[in-house]
Amino acid sequence: MELTYLTPGQIVWQVILRFAPVLISLAAIMVVSMIFRRRLGFYGRIFESGIGMIGLALLLFWLLTALMAHWITLFDPFEQIRALQNKPPGAIAPDIGLPYLFGGDSLGRCVFSRMVYGSRTVMAIAPLATLFAYMVGIMLGLPAGYHGGWLDTALSFVANLVLAFPVILLFYLLVTPEIRQTLIPGAMAAVLFIFPVLFLLTLFWSRFRERPGVLLYTALPVLVIGGFIYVGLIGLWDPTGLITMEPNTLNIFLAVVFITSPTVFRIVRGLTLDIKTRDYVAAAQTRGERPWYIMLWEILPNARGPLIVDACLRIGYTTILLGTLGFFGLGVSPESADWGSTINEGRKLLRLYIHPALPPALAIMSLVLGLNLLADALREQSMKD
């Protein structure tokens, strides 16, 4: 059966239509944020920079794409139509009458659908793993920089020990299937995943320790919800099935947290060493405030600028790492629609067909570019503070 194709203009129009929910939501967020930017604090100041707005728009585009992937795509990312194997963009599926907007890959899967669903892997792992790494780095870096002494020496030695190992090689070792069969992932999860709970508990305790009623209402939800999420993440108990990660995903998540935490620790420690000499810290010490209150409510808020900038860059770095792992077959799963795996599959026939590898490569580039532009804008704003 001879296939029919959309014209280039029709392909562009169909892509715009498919992304219409994303574009409308993105426009609404940007317009509302622009109108109320003066009331939105640090976030609102992004809209004082054209570069920052472009970076934020690119980041929000892929975040909304990940959330709306089911409504954007025309095909399941794993569905195979043999008649459309390696077919160019715009090929219309026989009997179905719907187009493969970016063509088909070597197995007859829709490249457009796989690119869209691939954003879910990145947006689920990169920001959350970076957030977990920051909580680990903050909980260890603040006391190391504030107290100094043997605690600083010991924690700095461990951080330097991890950083001395080649990052890419360490990443590969942590996500190999052989490691998954050992007790290492479970032990790492039990240690690293407890830090977000400890961070929130310490945050509220240091603020409301003299107001037991308020402390109870803030700390109790953290204990209940945080504890439930914790036991689910480490694989002990999850009746909902929504928290427990697949072994491959857990390994990658842990690897990102483990490798990123020492760098965050060093940044937080360095900022703490500088900020603890400021007058407002001395004033808090004179009032008799306890160390954790000073660290979390005096030092940390004044270090937010550099930390937010670094977080944007680190999410972009993690995105590249996830793509690299997928490219070398160490991604979430062999059949995953993540961008790295899709690029690797398209690479095998790159001389003959460029369309399977190009969309996911451009997706990675655009997301990382958006994060870098956003980081540049945030750096400019933090320097004004």
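**View 1. The second largest cavity of the predicted model holds about 50 Å³ of space.** A cavity is a set of points on a 1 Å grid, over the protein atoms alone, where a 1.4 Å probe fits but cannot get out. Volume is the space filled by probe spheres set on the points, with grid points joined across faces, edges and corners. Leu-174, Ile-179, Ile-184, Pro-185, Met-188, Asn-251, Leu-254 and Ala-255 form the lining; lining residues have an atom within 4 Å of a point. Helix H10 (184-192) and helix H13 (247-275) each give two or more residues to this lining. Helices are DSSP runs (H or I, at least four residues), numbered from the N terminus.

**View 2. Lining of the second largest cavity by class: 7 nonpolar, 1 polar and no charged residues.** Nonpolar covers Ala, Val, Leu, Ile, Met, Phe, Trp, Tyr, Cys and Pro; charged covers Asp, Glu, Lys and Arg; the others, Gly among them, are polar.

**View 3. The largest cavity holds about 70 Å³ of space.** Its lining has 13 residues, and Thr-121, Val-122, Leu-322, Gly-323 and Asp-338 are the closest to its centre. Helix H6 (111-147), helix H16 (304-327) and helix H17 (339-347) each give two or more residues to the lining. H16 gives the most, with 4 residues. By class, this lining has 6 nonpolar, 6 polar and 1 charged residues.

**View 4. The model has 2 cavities of 30 Å³ or more.** In this predicted model, local features need pLDDT of at least 70 and side-chain atom pairs count only at pLDDT 80 or more, while totals for chains, interfaces and linings use all residues. Residues are numbered from 1 along each chain as its sequence is written, and side-chain values use heavy atoms, with hydrogens and water left out.

Terms used. 1 Å grid on protein atoms, 1.4 Å probe; cavity = no way out; pocket = protein on both sides within 12 Å on 5 of 7 lines; lining within 4 Å.
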